[in-house]
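Have a look at the picture, then read on.

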Amino acid sequence: MLAGLKSYLFPTRIRSRAQLTRFVSGEASYVAQRSTYEFSRNTLAWFGQSAFGDPAFNDAFAVCRWEAFAAIAADMTFVVRSFLDGGPELDPALVRIYADALGEYPAPVHRPGGWSDRHAALLSRFAGTPSDYRLDFKAIGHRTGIMIHEHVPARSKNAEEERQVLAAAVTFGLISFNDRLPRRLDADALRKALGPAA
């Protein structure tokens with residue numbers, strides 16, 4: 001019990017490419033699962049139990065969760081880039097971190113060709129961002145919330161409010177993720193591990 005408490009209060013610092021991949025993947029998975037499930041459950045209300053027992057609904061929900069995971073993992077990789085402040089020389093390695101996070105699992109049914117379009121989109125996003133940028137979590141969350149809403153398996157008649165709900169969930173998740181980075185990431189070790197010479 002004391003060992004578990006110690007690991008919670010003093011988690012292992014992330015110093016390697018593999019540790020960073022696992023961290024981004026786990027955090028993105030949690031935010032994606034939680035935000036999409038709670039959104040769907042709240043939208044469906046008392047019809048939720050029936051919907052989640054329907055294979056067709058679950059197939060559509062799986063697409064939503066996968067696309068949310070990919071989008072949020074990209075956002076979190078973008079946040080890590082800002083934290084490391086390593087400049088464009090780290091971009092290829094960070095895209096590989098993102099690709100490895102998505103590649104931890106077999107390609108989902110709706111994406112038999114994998115995620116190469118998302119890898120390219122993240123690299124373009126890095127290239128189009130000035131080196132002295134400041135993170136705008138609200139804007140990032142809004143963008144991703146809109147994207148997730150395109151894939152939700154259940155909707156009400158108020159699409160704008162739904163997008164705001166999803167945007168708020170993503171924004172909160174990203175802020176929470178960012179707040180933990182100073183405690184979890186060893187920036188100097190990661191810059192060395194991800195640098196061009198690595």
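The axes of helix H7 (residues 137–149) and helix H8 (residues 159–184) come within 7 Å and cross at roughly 130°. Here axes are lines fitted to C-alpha atoms, for helices over the stretch in contact, with angles running from 0 to 180 degrees between N-to-C directions. Keep in mind that this is a predicted model: local features need pLDDT of at least 70, side-chain atom pairs count only at pLDDT 80 or more, and totals for chains, interfaces and linings use all residues. Residues are numbered from 1 along each chain as its sequence is written, and side-chain values use heavy atoms, leaving out hydrogens and water.

**Where H7 and H8 touch**

- Contact means heavy atoms within 4.5 Å, and the H7 residues in contact with H8 include Phe137, Ile140 and His149.
- On the H8 side, the partners include Ala159, Leu166 and Asn178.
- By class, this contact of H7 with H8 has ten nonpolar, seven polar and three charged residues; nonpolar covers Ala, Val, Leu, Ile, Met, Phe, Trp, Tyr, Cys and Pro, charged covers Asp, Glu, Lys and Arg, and polar covers the others, Gly among them.

**The whole protein**

- The protein has nine helices and zero strands, counting DSSP runs of H or I with at least four residues as helices and of E with at least two as strands, numbered from the N terminus.

**Helix H5**

- Buried residues in H5 include Asp91, Leu94 and Tyr98.
- H5 (residues 91–103) has 13 residues and reaches 18 Å from its first C-alpha to its last.

Terms used
The expected span of a helix is 1.5 Å times one less than its number of residues. Buried means under 20% relative accessible area, exposed over 50%, partly exposed in between (1.4 Å probe, protein chains only).
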